[in-house]
Amino acid sequence: MSPRKEFPLLMERGAPGRRAYLLPDLDVPAQPLKDLIPGEYLREEPAPIPELSELEVARHFVGLSRRNHGVDVGFYPLGSCTMKYNPKVNEDLASLAGFANLHPYQPEETVQGALQLMYELEQHLCEIAGLHRATLTPAAGAHGELTGLMLIKAYHHSLGQDERDEIIIPDAAHGTNPASAAMCGYKVVEVPSNERGGVSVKDLERLVGPKTAGLMLTNPNTLGLFDEEILAITDMVRAAGGLLYYDGANANAILGKCRPGDMGFDIVHFNLHKTFSTPHGGGGPGSGPIAVRDMLVPFLPTPVVEKREDRRASYFLDYDRPSAIGKIKGFYGNFLVMVRAYAYIRTMGPEGLRQASEDAVLSANYLMERLREFYHLPYPRICMHEFVLSASRQKALGVAAQDVAKRLLDYGIHAPTVYFPLIVEEALMIEPTETEPKAVLDEFIDIMAAIAKEAEESPEQLKTAPHYTVVGRLDETRAARHPVLRWRGAVEGDTTRDGR
Ligand SMILES: *Cc1c(COP(=O)(O)O)cnc(C)c1O
């Protein structure tokens, strides 16, 4: 028997006749099922699903939650993901009945509060971005990127410049950038980084031209570095007639400090579920609003929330926008994520947001300075909200970045992002966020130092990690190629459940 206690699947719990609910007696005449559902759809045998008591159901889900790691459980320095603590008051507000129970088809006069919240959130995001209007509709960062690129396309089309079919993207970019550009029908032109980790302006000069539709850039980039030549970059693209797209998924370093609009960008997407405190990571709803410069406003997707200043201010959804790119999502976006972001921005205030960014940058620099003793630091510059180490020294001992990441799990810490950005060999991308106390950062430093020592003294310990988690190291290739997505029962000789 393995020392890890087997966790029974829901399907393996229960016994015939157990129930987790009590229903009142039927007070209308009973109708046989066959009168309600056409016979061909009726089962002959009951479905083979477990019959469970309430206690068993509760234990199942609480048990599952305890096998999981989350920000509320421990440190989660997953680079490019901004796994900061999400204040619970935002959850309370998002679950108020007046927000949570709205129906998207309700008449406008009954949802004035929700529309006002959307209108004001848009204004706050525009102020943070240094731009003019925004749409809250995109459901994720990548969706915001696609929407922004559609605006770029509509803009050039309006000028009769359809020949602009290239989007320039740095080699350090997040993978969604080239994917979104390709999805929007653009050719992706890659611009290399220079030795200081910024965009190579020399190469950019060679790549911009009459085919350039725009440049997509993350600043600070995925190395956590602020581009020292940002104004030269944006000037060069604008002079060539291109638009500038800013990937602001991780805006945690810039809040109240600098504005993408001032750097010369025309479109910015934010990830409300990263920077603005919505729990994320489990595939739940996100929100990727984009803010734009005034010349792009006519193309924004519908509907746009507008304010009417008649008898008393009232808000309405404007669909009458002839140049709009159309609808990009059902209804208005993920509203309850907007409520959380609004609550976060209003409770923090401008000073609080600025402080959050300063603390996020301080935490990252503190970790970077202390950890470079144990791990190679390929770009030794002051970093922003995150930084990238390389496990190249450990690799020489036969230990890969992945082994370091897996070993961290044994210490109750979520792994950093690994093997990204692609331009760093054996990359370990670390983003501590502003919400961790110094004691946690110090503990992380001690653990990373201990792992570096293990790499020298007992590398096997790392290569076979994790040892103390509920499941050991999984065969990721097999999991990706042969995912087991549903319960198939305990069939004799069936080995497909091994990887559950
Ligand atoms: C997370 C992230 C994205 C994509 O955001 P999703 O909401 O996951 O689609 C894009 N760019 C960067 C830099 C990111 O970190």
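This is a predicted model: local features need pLDDT of at least 70, side-chain atom pairs count only at pLDDT 80 or more; totals for chains, interfaces and linings use all residues.
I'll start with the ligand. There are 13 residues around it, and those that come nearest are Ser80, Gly141, Asp247, His273 and Lys274. Sorted by class, this shell has three nonpolar, seven polar and three charged residues. If you ask which element gives the largest share of the shell, that is helix H6, residues 141-158, with three residues.

At Gly141, a backbone N or O atom sits 2.8 Å from an oxygen atom of the ligand. At Ala142, a polar backbone atom is likewise 2.8 Å from a ligand oxygen atom. The side chain of His174 comes in on a nitrogen atom of the ligand instead, with a polar atom at 3.5 Å. How much of the ligand's accessible area does the protein cover? On its own the ligand has 380 Å² of accessible area, and the protein covers 86% of that.

Next, the pockets. I'll take the second largest pocket, which has a volume of about 640 Å³. Its lining is made up of 21 residues. Nearest the centre of this pocket are Arg67, His69, Leu409, His414 and Thr469. The lining splits into 10 nonpolar, six polar and five charged residues.

On to the domains. The assignment for the protein chain gives domain 1 as 3-67 and domain 2 as 83-469. Between the C-alpha centres of domain 1 and domain 2 the distance is 42 Å.

Last, the backbone. Where are the cis peptide bonds I want to show? One joins Phe420 and Pro421, with omega about 0°. Pro421 belongs to the loop between strand E11, 417-418, and strand E12, 427-430. That loop between E11 and E12 also holds Tyr419. Tyr419 is not a glycine, yet its phi is positive, at about 60°.

Pro466 lies in the loop between helix H15, 459-463, and helix H16, 476-481.

That is what I have on this model.

Definitions and conventions: Residues are numbered from 1 along each chain as its sequence is written. Side-chain values use heavy atoms; hydrogens and water are left out. A residue is near a molecule or strand if one of its heavy atoms lies within 4 Å of it. A polar contact is a pair of N or O atoms within 3.5 Å; within protein, one must be able to donate a hydrogen and the other to accept it, and residues adjacent in sequence count only if both atoms are side-chain atoms. Accessible areas come from the Shrake-Rupley method with a 1.4 Å probe; for residues, only the protein chains shown count as cover. Helices (H or I, at least four residues) and strands (E, at least two) are DSSP runs, numbered from the N terminus. Ala, Val, Leu, Ile, Met, Phe, Trp, Tyr, Cys and Pro count as nonpolar, Asp, Glu, Lys and Arg as charged, and the others, Gly among them, as polar. On a 1 Å grid over the protein atoms alone, a cavity is a set of points where a 1.4 Å probe fits but cannot get out, and a pocket is an open set with protein on both sides within 12 Å along at least five of seven lines; lining residues have an atom within 4 Å of a point. Grid points are joined across faces, edges and corners, and a volume is the space filled by probe spheres set on the points. Domain bounds come from an automatic or database domain assignment.
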